[in-house]
Amino acid sequence: MTTNDRYLARARRVGIRPFTAADRDEFTARARESADLHHPWLAPPVTGPAYDGYLHRLQEPLREGFLICELTGGGIAGYLTINNIVHGAFRSGAIGYGAFAHAAGRGLMSEGLRLVLRHAFGTMGLHRLEANVQPANHPSIGLVRRAGFRLEGYSPDFLFLDGAWRDHERWAITAEMVPQDPV
């Protein structure tokens, strides 16, 4: 990465970079356009004030946020966050993510996730990442499976989403499991 490069890492079609306040309008517009795709799995911020609060939380030391952007044009294709980061002997975090409707099904999130994994296991010094996915969310399960995550278990009533406690499958990957081939 050069000092003029806004991306932390690049693949063939996408780059990853931190969230900024300047992304507010594009991000919230994409989130509104993607409401049907996201429901009931996730609820990204759809208003300016909600985005500002989200951005503020991403500044906490136990979180990192990444926008996955198309290299052609720089538009936001999706996002990924690492939450509940623990250092020391654990060196772990939990990921959350979402594609925007215009980018869904094009493989951009797969490229972006591989970039984030390399960043997390390299620059950030983490060893393990976990993704908790509702069993009926087949596109999300496909994403983590393609990236090399393994199914580790089932958590009943794990997260309160869309007005109810939802069961989740626990998928995880460690640094040793990430292929070293080019993204």
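The side chains of threonine 20 and aspartate 23 are joined by a polar contact of 2.8 Å. A polar contact is a pair of N or O atoms within 3.5 Å; within protein, one atom must be able to donate a hydrogen and the other to accept it, and residues adjacent in sequence count only if both atoms are side-chain atoms. The model is a predicted one, in which local features need pLDDT of at least 70 and side-chain atom pairs count only at pLDDT 80 or more, while totals for chains, interfaces and linings use all residues. Residues are numbered from 1 along each chain as its sequence is written, and side-chain values use heavy atoms, with hydrogens and water left out.

Threonine 20 lies in the loop between β2 and α1 (24-33). Helices (H or I, at least four residues) and strands (E, at least two) are DSSP runs, numbered from the N terminus. Because its relative accessibility is 32%, threonine 20 counts as partly exposed; buried means under 20% relative accessible area, exposed over 50%, and partly exposed in between (1.4 Å probe, protein chains only). Leaving aside residues up to four places away in sequence, threonine 20 touches Tyr51 and Leu55, where contact means heavy atoms within 4.5 Å. The C-alpha atoms of threonine 20 and phenylalanine 66 are separated by 9.7 Å, although these residues are 46 residues apart along the chain.

Serine 34 is buried, with a relative accessible area of 1%. Its side chain reaches the backbone oxygen of arginine 30 at 2.7 Å. Serine 34 also touches Phe100 and Ala101, again not counting residues up to four places away in sequence.

The strands may now be considered together. Eight of them form an open sheet of mixed pairing, in the order β1-β2-β3-β4-β5-β6-β8-β7. Strands β1 (9-10) and β7 (150-161) stand at the edges with a single partner strand each, so one side of each is left without a neighbour in the sheet. Two strands pair if DSSP finds at least two bridges between them.

Strand β2 (residues 14-17) runs antiparallel to strand β3 (residues 64-70), and four bridges join them. Glycine 15 has cysteine 69 in β3 as its bridge partner. Elsewhere in the sheet, β7 pairs with strand β8 (residues 164-174) in the antiparallel sense over eight bridges. Here leucine 159 stands opposite arginine 166 in β8. β7 and β8 form a hairpin with two residues between them, and aspartate 162 in the turn has a positive phi of about 50°.
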